[in-house]
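Here's a protein to explore together. Keep the picture open while you read, and try to find each spot as it comes up.

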Amino acid sequence: RERFDGRPNRQRLLVVANRLPVSAVRRGEDSWSLDISAGGLVSALLGVKEFEARWIGWAGVNVPDEIGQKTLTKELAEKRCIPVFLDEEVVHQYYNGYCNNILWPLFHYLGLPQEDRLATTRSFQSQFAAYKKANQMFADVVNKHYEDGDVVWCHDYHLMFLPKCLKEYNSKMKVGWFLHTPFPSSEIHRTLPSRTELLRAVLAADLVGFHTYDYARHFVSACTRIVGLEGTPEGVEDQGKLTRVAAFPIGIDSDRFIRALEVPEVQKHVKELKERFAGRKVMLGVDRLDMIKGIPQKILAFEKFLEENPYWCDKVVLLQIAVPTRTDVPEYQKLTSQVHEIVGRINGRFGTLTAVPIHHLDRSLDFYALCALYSVTDVALVTSLRDGMNLVSYEFVACQDSKRGVLILSEFAGAAQSLGAGAILVNPWNITEVAAAIGQALNMPAEEREKRHRHNFEHVTNHTAQQWAEIFVSELNDTGIEAEKRISQ
Ligand code: ADQ
């Protein structure tokens, strides 16, 4: 395709994810307000100048009427977003059910739901049927907007069926799929009733990507051990068709964080925080409130540290910022109460009339407030029980170039593979070990902090989200070239 001035058009990239980077709220019959969320994926793709990205996904709202669908589609088009309309029943069965009740816990090694949890969301079979139906609805929209030469990049565990649906429409479509969560050991994946159908659906893609080499290896083992296909150094082969499988560790837009530290509003927050916590070391946790993030384990380790080191009781504070998610799911409600109970107990036990050791906030912070917090922190605590990558650890490092704070990082986060040499790695299940790591971090000599920080800062600034996206899409474009060469020889 060429433009009128003779220069080739930028390649179009159709990014398909369960949620659009925009949330729509209805204001009237035909009026909408759109709230843009600048998540990691959005900033990754904004920085990629080679491609012209379009987004396809659900806008997070049920729009049953035709007028609403038409007006919302028009408004979203201005933001290069294309909506997929899912009704309430599909969302309940596909999103709350199969995605969040089955795949999410399974991929994080929490196992399949027990009968009582299943009963509340109807049967596994009907959730799986809704999952396939929803994936087909995404495929219909992609197919409607696809033009020859486009590349299609599908994201995450919500859309494992999508590559298959797309290739059924058009076998020449270039399709990539990337998983943001861990892919578990094949022995875990084996327990899933629809294990083979899902793997085969993903394998329809030309390129399948994971954050780490281990997840890629687990996926290939699942294909060989469960489906009986052949694993090769390149990926998985099925009757002469190769699906390339590889690791593409995500990064962040580190410049965005570094630049934010110069903004007066951030500096004002920094000053306030420094005054507020003068004379105390600041420890920080920032997580979505999810069982995979190991928040209770983190707080219990902090309690153990205070118990064993009374000297520190009035000299350190733990700020735990936990954004509530999936608040309608009973497990998440239970987790919230559990965390509140533990925090209350510890503050009652170690607090004084003027200060408490833990500040726990159940909410999201805006970008500037978050950057300010990262920059005043002495020790960041990431204790995920499993985590695909964990971008909070990257964001903390990006904001620490003047302070050189210490990162305590779970060995079960993908980030442990990239920031492991600079962080103190811990097993979050071992509270004694985490408590000891807190002591080590708070007492670490400046020279060692500098060395560890330098390692991590270089990694975070040299492996950005933009590079991640560019490398994935350029590999996707290259898939099939070897096979074409073989055929023409
Ligand atoms: P998440 O599980 O959401 O992502 P993470 O990678 O840590 O986890 O990203 C969370 C993002 O939300 C960060 O950008 C962070 O700044 C923001 N955030 C968290 N708590 C916040 C708060 N209280 N206020 C404001 N912002 C907050 C999934 C996978 C991860 C994987 C990413 C990207 O579970 O393992 O790293 O996708 O692939």
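## Two helix pairs

Let's start where α15 meets helix α18 (residues 446-462): their axes come within 9 Å and cross at roughly 110 degrees. Axes here are lines fitted to C-alpha atoms, for helices over the stretch in contact, and the angles run from 0 to 180 degrees between N-to-C directions. Angles under 35 degrees count as roughly parallel, over 145 as roughly antiparallel, 65 to 115 as roughly perpendicular and the rest as oblique. α15 and α18 are therefore roughly perpendicular to each other. On the α15 side, the contact uses Tyr394, Val397 and Ala398, and on the α18 side Asn456, Phe457 and Val460. Two residues are in contact if their C-beta atoms, placed from the backbone, lie within 7 Å. Sorted by class, this contact has five nonpolar, one polar and no charged residues. For these classes, Ala, Val, Leu, Ile, Met, Phe, Trp, Tyr, Cys and Pro count as nonpolar, Asp, Glu, Lys and Arg as charged, and the others, Gly among them, as polar.

A bit of housekeeping before the next pair. This is a predicted model, where local features need pLDDT of at least 70 and side-chain atom pairs count only at pLDDT 80 or more, while totals for chains, interfaces and linings use all residues. Residues are numbered from 1 along each chain as its sequence is written. Helices (H or I, at least four residues) and strands (E, at least two) are DSSP runs, numbered from the N terminus.

Now for the other pair: how do α12 and α13 run, roughly parallel or roughly perpendicular to each other? Helix α12 (residues 295-308) and helix α13 (residues 330-350) pack at an angle of about 10 degrees, with axes 10 Å apart, so they are roughly parallel. From α12, Ile295, Pro296, Ile299, Leu300, Glu303 and Leu306 meet Gln338, Val339, Ile342, Val343, Ile346 and Phe350 of α13. That contact splits into 10 nonpolar residues, one polar and one charged.

## Around the ligand

Which residues come nearest to the ligand? There are 19 residues around the ligand, and His180, Ser364, Gly388, Met389 and Leu391 come nearest. To be near, a residue needs its C-beta atom, placed from the backbone, within 6 Å of the molecule. By class, the shell has nine nonpolar, six polar and four charged residues.

## The core

The largest nonpolar core has 144 residues, and the ones with the most contacts inside it are Val16, Val152, Phe219, Ile408 and Ile438. A nonpolar core is a set of buried Ala, Val, Leu, Ile, Met, Phe, Trp, Tyr and Cys residues joined through C-beta atoms within 7 Å. Helix α3 (residues 88-107) gives the most to this core, with eight residues. Not counting residues up to four places away in sequence, Val16 touches a list of residues including Ile56, Phe138, Val152, Trp153 and Leu162.

## Buried or out in the open?

A residue is buried if 20 or more other C-beta atoms lie within 10 Å of its own, exposed if 12 or fewer, and partly exposed in between, with C-beta atoms placed from the backbone.

| Residue | Other C-beta atoms within 10 Å | Class |
|---|---|---|
| Val90 | 18 | partly exposed |
| Tyr109 | 14 | partly exposed |
| Ala216 | 20 | buried |
| Gln239 | 6 | exposed |
| Ser384 | 29 | buried |

Val90 is in helix α3. Val90 and Ala130 are 40 residues apart in sequence, yet their C-alpha atoms are 5.9 Å apart in space.

Ala216 sits in helix α9 (residues 213-227). Beyond its neighbours up to four places away in sequence, Ala216 touches Phe210, Val245, Ala246 and Ala247.

Ser384 is in the loop between β15 (379-382) and α15. Leaving aside neighbours within four places in sequence, its contacts include Ile292, Lys293, Asn390 and Pro428.

Finally, a look at backbone angles. Most residues other than glycine have a negative phi. Tyr109, in the loop between α3 and α4 (115-120), has a positive phi near 65 degrees. Gln239, found in the loop between β10 (235-238) and β11 (241-247), also has a positive phi, about 45 degrees.
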